[in-house]
Amino acid sequence: STLKNEVKSQQGSLLAQTDWAVVRKSEKTTAIPSNIATWRDAIRTKATAMESAIDGAANTAAVAALFLSWDSDGNKSGILYDWPVLG
């Protein structure tokens, strides 16, 4: 549950960066820029995937394998904390 709470916390921090666009839409009915809307959806989708992966980890080794890492060839593995970037 600690890892899932960290995922939720990071998700909240990331979404907070663009909350201004949501507030502006609510107050002024100004559309949320499509790149922001897409990114916010991607953050939520990624958080759900991370939480599902945590729930599906059978043991400590499986949890350890979830953390983002790179091998000597630069290949990325793991799902945790590999957040989409706002483009």
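Helices and strands here are DSSP runs numbered from the N terminus, helices being H or I with at least four residues and strands E with at least two. What I'm showing is a predicted model, so local features need pLDDT of at least 70 and side-chain atom pairs count only at pLDDT 80 or more, while totals for chains, interfaces and linings use all residues. Residues are numbered from 1 along each chain as its sequence is written, and side-chain values use heavy atoms, with hydrogens and water left out.

Back to tyrosine 81. Its phi is positive, about 70 degrees, although the residue is not a glycine. Tyrosine 81 is also partly exposed, with a relative accessible area of 21%. For that term, buried means under 20% relative accessible area, exposed means over 50%, and partly exposed is in between, using a 1.4 Å probe and protein chains only.

Which ring does tyrosine 81 pair with? Rings of Phe, Tyr and Trp (for Trp, its six-membered ring) pair if their centres lie within 6.5 Å; planes under 30 degrees apart are stacked, over 60 edge-to-face, and the rest tilted. By this rule the count is 1 aromatic pair. The partner is phenylalanine 67, and the pair is tilted, at 5.9 Å centre to centre with 50 degrees between the planes. The two residues are 14 apart and the pair links distant parts of the chain, with phenylalanine 67 in the loop between helix H4 (60-64) and strand E1 (69-70), and tyrosine 81 in the segment after strand E2 (76-77). Phenylalanine 67 counts as partly exposed, at 33% relative accessibility.

Now the helices. How do H1 and H3 pack? Helix H1 (residues 2-16) and helix H3 (residues 34-56) have axes 10 Å apart, at an angle of about 175 degrees. Axes are lines fitted to C-alpha atoms, for helices over the stretch in contact, and angles run from 0 to 180 degrees between N-to-C directions. H1 and H3 are therefore roughly antiparallel; the cut-offs are under 35 degrees for roughly parallel, over 145 for roughly antiparallel, 65 to 115 for roughly perpendicular, and oblique for the rest.

On the H1 side, the residues that meet H3 include Leu3, Val7 and Leu14, and their counterparts in H3 include Trp39, Ile43 and Ile54. Contact here means heavy atoms within 4.5 Å. By class, the contact of H1 with H3 has 9 nonpolar, 1 polar and 6 charged residues.

Is glutamate 51 buried or exposed? Glutamate 51 is buried, with a relative accessible area of 14%. Beyond its neighbours within four places in sequence, glutamate 51 contacts Lys4, Val7 and Lys8.

That brings us to the core. A nonpolar core is a set of buried Ala, Val, Leu, Ile, Met, Phe, Trp, Tyr and Cys residues joined through side-chain atoms within 4.5 Å. The largest one has 13 residues, and Val7, Ile43, Ile54, Leu80 and Trp83 touch the most other members. H1 and H3 each supply at least two residues of this core, and H3 gives the most, with 5 residues. Looking past its neighbours within four places in sequence, valine 7 is in contact with Ala47, Met50, Glu51, Ile54, Leu80, Tyr81 and Trp83.

Let's return to the segment after E2, where aspartate 82 is found. Aspartate 82 is buried, with a relative accessible area of 18%. Setting aside its neighbours within four places in sequence, aspartate 82 contacts Lys46, Met50, Leu68 and Lys76. Valine 85, found in that segment after E2, is exposed at 72% relative accessible area. Where does valine 85 lie relative to tryptophan 39? The two are 46 residues apart in sequence and 7.3 Å apart in space, C-alpha to C-alpha.

Last stop, two loops. Threonine 29, in the loop between helix H2 (19-28) and H3, has a positive phi of about 55 degrees although it is not a glycine. Threonine 29 is exposed, with a relative accessible area of 69%. Aspartate 73 lies in the loop between E1 and E2 and is exposed too, at 66%. Thanks, everyone!

Conventions:
Nonpolar A, V, L, I, M, F, W, Y, C, P; charged D, E, K, R; others polar.
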